[in-house]
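Keep the viewer open as you read.

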Amino acid sequence: MELVTEYIQFWQERFSTIMSYFGEHIFISLLSVFLGAIVAIPLGIYLSKTTNNTIQTIIFNVSNIFQTIPTIALLAVMIPLLGIGYTPAITALFLYSLLPILRNTYSGIKSINPEVIESAKGMGYSSLQRLWKIEIRLAFPYIMSGVRVTTVYIISWTTLAAVIGAGGLGGLILSGLGFNDKFYIFTGTFLALILALLTDLTLGKLEKKVAYK
Amino acid sequence: MIRLEKVKKVYDDGFQALKDINLEFKEGEINVLIGPSGCGKTTTMKLLNRLNEPTDGTVYINEKDISQMDPVELRRQTGYVIQHIGLFPHMSIAENVGAVPTLLKWDKDKIDKRVDELLNLVNLDPETYKTRFPSELSGGQQQRIGVIRALAAEPPVILMDEPFSALDPISREQLQDELLRLQKEINKTFVFVTHDIDEALKIADQIILMQGGEVVQKGKPSEVLSNPENDFVVDFIGKHRLEENRNSIPNVDEVMMEKPLTISSSESLTNAYESMKQHGVNSLVVVDRGELKGQVSIFDVIDVGVYENKLVKEVLKPFEQVVEIGTSLKVVLDLMEKNNAANIPVMNNNQFAGMVTRGSVVELLASVYANSQREGA
Amino acid sequence: MKKLLFGSLVGMMLLMSACGNSKQIEIGTQTYTDPKIMAHIIETLIEDRTDLEVNITKDIAASPQIISSMEKGDLDIAATLFSGEVYNNHFDDLEFTTDPEETMKKAQEGFKEKYNFKWYDSIGFENAYAIAVSQDIVEQYDPQTISDLKPISDKLRFGTDTSWLERPNDGYRAFKKKYDMSFKEARGMEVRLMYEAIENDELDVITAYTVDPQIRDLNMKILEDNKNFFPPYDASVVATQKVLEEHPKVDKVLQELIGSIDTETMSGLIKKVDIEGKEAKKVAENYLKEQGYLE
């Protein structure tokens with residue numbers, strides 16, 4: 001009981017700080033995924049269409065490499081180019097978000113029954129109409145699940161923003177670890193969890209609204 | 001009318017898919033392309049909506065070279081049904097059926113009406129089915145939708161690529177029957193690819209049998225059955241079918257002369273006589289604008305006097321017997337025997353369609369015997 | 001970065017799998033280099049002086065995790081803890097002071113009483129927070145004390161570690177009050193990236209740790225804490241009473257280390273690891289040989 005009172009008091013005292021960390025976290029994670037989606041979805045569609053295997057291999061390998069570079073190393077490389085704060089943090093997270101969205105988009109388009117494509121072509125859909133009215137609609141569940149999964153893990157990875165001066169809930173968690181304050185750790189983790197759940201729920205609803213049965 | 005002229009198709013790997021195709025698809029008929037796999041039948045069909053482009057040669061539709069047309073436009077004017085249906089799983093039945101009209105920007109009410117009409121055409125209740133999705137329909141129902149989707153924008157030509165081959169035998173039979181019924185109602189030109197000879201024999205007006213990128217034989221099913229071009233055709237059709245065909249008694253359509261000499265009843269006897277003399281026949285069928293009046297024979301004319309100023313109608317004799325198209329030859333032969341008639345006219349809905357004569361019967365027999373001799377050899 | 005986030009968890013799992021053999025001495029270190037070097041020094045000495053085996057678990061996210069692992073019995077020795085640790089929420093109602101001796105006394109008494117740890121007297125070096133400025137700032141303004149930054153503080157880009165901004169007694173909030181100044185922007189970050197940022201002119205002022213070899217490498221200057229704001233962080237070895245009772249020889253070894261390494265020496269050892277890329281174990285062994293601890 002005493003713990004609860006103390007925790008409430010913690011929130012009252014630190015409310016505006018917590019909210020500013022939380023706001024940074026939302027901004028960084030959602031913007032990263034948004035940028036990732038804007039780049040990776042068209043790129044994934046392009047890769048599914050191109051017959052140039054070299055380009056496919058290169059792009060998949062490059063986006064794969066981004067996934068495997070240790071964060072600190074990646075960020076250290078970025079400082080001379082992008083400085084510190086939001087820019088390198090968002091750039092790094094953006095790079096991390098590419099591969100899963102790319103993969104899902106690619107396999108979403110690839111998973112479409114070729115008969116459906118043949119049919120659409122034979123019926124007189126132009127390639128743009130086919131892409132927009134048939135292929136993207138059919139690949140949508142795949143693309144969305146790529147975006148959802150990516151969003152959830154980028155929200156958790158956004159804690160790394162705190163190591164390059166961009167703040168976010170990682171700031172609360174690392175502070176808590178640093179000076180042994182469980183309220184900080186709990187609050188940071190809890191808010192990241194809530195954010196991930198809410199975003200997943202919202203994207204899920206959006207997906208249901210747009211996708212076919 | 002669709003015409004292929006000197007069409008060749010060579011793939012990048014050097015495979016010669018079509019060697020030198022010269023072909024006409026008859027308007028308002030079901031043209032069936034058939035042959036073993038790899039024979040070029042699907043390749044040929046896909047030339048017609050430019051899913052395939054010929055390496056050489058020209059495809060004309062109504063005398064227009066289709067390589068000069070916009071492929072997307074061309075495809076919208078050409079119905080297309082494929083083997084695995086290819087319905088759009090994310091669209092309702094109504095959206096699927098209305099897909100091409102939507103592409104053609106018909107207005108909504110018109111599309112709606114058309115969709116209802118088409119669903120009724122294949123006995124699917126619009127209120128029940130319009131809002132459903134393809135996955136909620138049986139295979140047979142899905143392919144019905146596939147077929148009416150191809151008909152939606154009233155294309156003059158409909159291409160069907162083995163449309164029923166994935167269905168169970170009962171649904172397949174039903175759809176074949178429905179296609180035949182539909183064809184009678186809408187009178188479109190169908191180009192239908194299949195590898196199933198029974199299907200081809202059942203639905204085709206014209207069968208085009210292909211092998212190794214070439215047309216081996218084309219004609220009416222009965223012609224192909226009774227007069228296979230070579231051993232390949234015999235093997236492909238199967239001896240048991242040819243046997244069956246020989247043992248089965250054909251109907252009059254296959255025996256009759258389609259265009260016997262006719263004369264109008266208001267012509268003079270002199271003209272009748274001249275016509276008979278010129279063509280070396282001893283009688284003429286008297287037909288007034290398709291209506292059968294009777295016949296006039298050389299003996300009647302001579303009896304009356306060739307140069308008397310009389311008209312055909314004054315000497316013609318009405319036929320004692322007529323038969324409807326589709327009647328078995330057995331019935332006709334019985335009638336000829338009983339009445340000692342040299343010929344019996346064949347009627348189609350009260351219109352004169354042709355004539356079974358002793359000569360045409362002999363011709364049929366000859367073709368069957370010639371055929372059996374080769375087979376026996 | 002998962003390691004950063006869940007480092008404590010991972011660390012604990014490693015510990016759990018490592019423990020069990022009472023003949024093996026378990027040593028834990030934080031993520032930074034001075035405790036790692038100390039761990040190898042202790043390891044080498046124990047293995048030289050006794051027949052005990054030593055296992056080191058490195059990169060435990062923060063000191064509080066080491067302390068709780070020792071409390072649970074998963075670790076026997078913390079290679080290095082700093083006297084200022086005593087202010088990290090381990091004790092309620094502890095009076096805050098920046099007096100080094102007082103702070104050391106609080107740590108030794110507090111941890112003995114509450115956890116039954118032996119907090120040795122200082123090894124001799126200190127790794128405290130200090131305000132350091134970049135070479136540019138030195139050349140431009142030549143500040144001597146932290147207070148000298150006050151007139152220009154609203155122009156300075158400030159970087160610090162990932163917890164200092166929120167630290168209760170000796171963090172940024174208290175600093176602003178004590179020195180009556182705040183920086184243009186204040187960013188928390190990984191210490192290695194902080195120096196990277198200084199090098200790339202992205203930061204002007206940082207909270208350095210006094211042993212960081214980069215301070216000298218980048219020609220930075222540590223400013224005098226003229227208002228005695230920062231608590232002392234004198235380095236000590238800490239061990240559980242249990243391990244010392246079971247193995248009295250270990251106590252003898254650890255006693256040897258008291259007052260043995262000063263800040264400058266440690267900074268030199270850290271440089272060998274962090275900047276010259278040598279292995280911490282080798283550096284520790286060489287040091288001990290040079291100093292005559294080993295034959």
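Start with helix H2 of chain C, residues 33-49: its 17 residues reach 24 Å from the first C-alpha to the last, close to the 24 Å expected at 1.5 Å a residue. Bear in mind that this is a predicted model. H2(C) is mostly covered, with 14 of its 17 residues buried. If you want to follow its faces in the viewer, recall that an α-helix has 3.6 residues a turn, so residues three or four places apart point the same way.

Now zoom out to the chain around that helix. Chain C holds twelve helices and ten strands. How does its radius of gyration sit against the globule rule? The value is 19 Å, close to the 19 Å that the rule gives for 295 residues, so chain C is as compact as a globular protein of that length. Along the principal axes, its C-alpha atoms fill a box of roughly 60 × 45 × 35 Å. Of the 295 residues in chain C, 49% are buried. Sequence separation is worth a look too: take the contacts in chain C between residues at least 6 apart in sequence, and 78% of them join residues at least 24 apart.

Where they meet, domain 1 of chain C puts in twelve residues and domain 2 of chain C six. On the domain 1 side, helix H11 of chain C (residues 263-274) gives the most, with six residues. By class, that side of domain 1 divides into six nonpolar, two polar and four charged residues.

An unreviewed UniProt entry lists residues 23-290 of chain C as "domain: ABC-type glycine betaine transport system substrate-binding". In the model, that span is 41% helix and 17% strand, and its end C-alpha atoms lie 29 Å apart.

Chain C also touches chain A. The contact takes 27 residues from chain C and 26 residues from chain A. Which elements of chain C give two or more residues to its side? They are helix H1 (2-18), strand S7 (185-188) and helix H7 (191-199). H7(C) supplies the largest share, four residues. Sorted by class, the chain C side has eleven nonpolar, nine polar and seven charged residues.

Finally, hop over to chain B. Its domain assignment gives domain 1 (2-249) and domain 2 (254-365), and the centres of these two domains, over C-alpha atoms, are separated by 39 Å. Is B:Pro250 buried or partly exposed? It counts as partly exposed because it has 17 C-beta neighbours inside 10 Å, and the buried class needs 20 or more. Leaving aside neighbours within four places in sequence, B:Pro250 is in contact with B:Ser222, B:Val255, B:Leu329 and B:Leu364. By comparison, B:Val287 is 37 residues away along the chain, and the C-alpha atoms of B:Pro250 and B:Val287 are separated by 26 Å.

Terms used:
Residues numbered from 1 in each chain as written. Chains lettered and ligands numbered in written order. Predicted model: local features only at pLDDT ≥ 70, side-chain atom pairs only at ≥ 80, totals over all residues. Contact = placed C-beta atoms within 7 Å. Nonpolar A, V, L, I, M, F, W, Y, C, P; charged D, E, K, R; others polar. UniProt positions renumbered as here; feature names shortened; annotations may be inferred. Buried ≥ 20, exposed ≤ 12 C-beta atoms within 10 Å, placed from the backbone. Rg over C-alpha atoms; globule rule 2.2 N^0.38 Å. Expected span 1.5 Å × (residues − 1). Domains from an automatic or database assignment.
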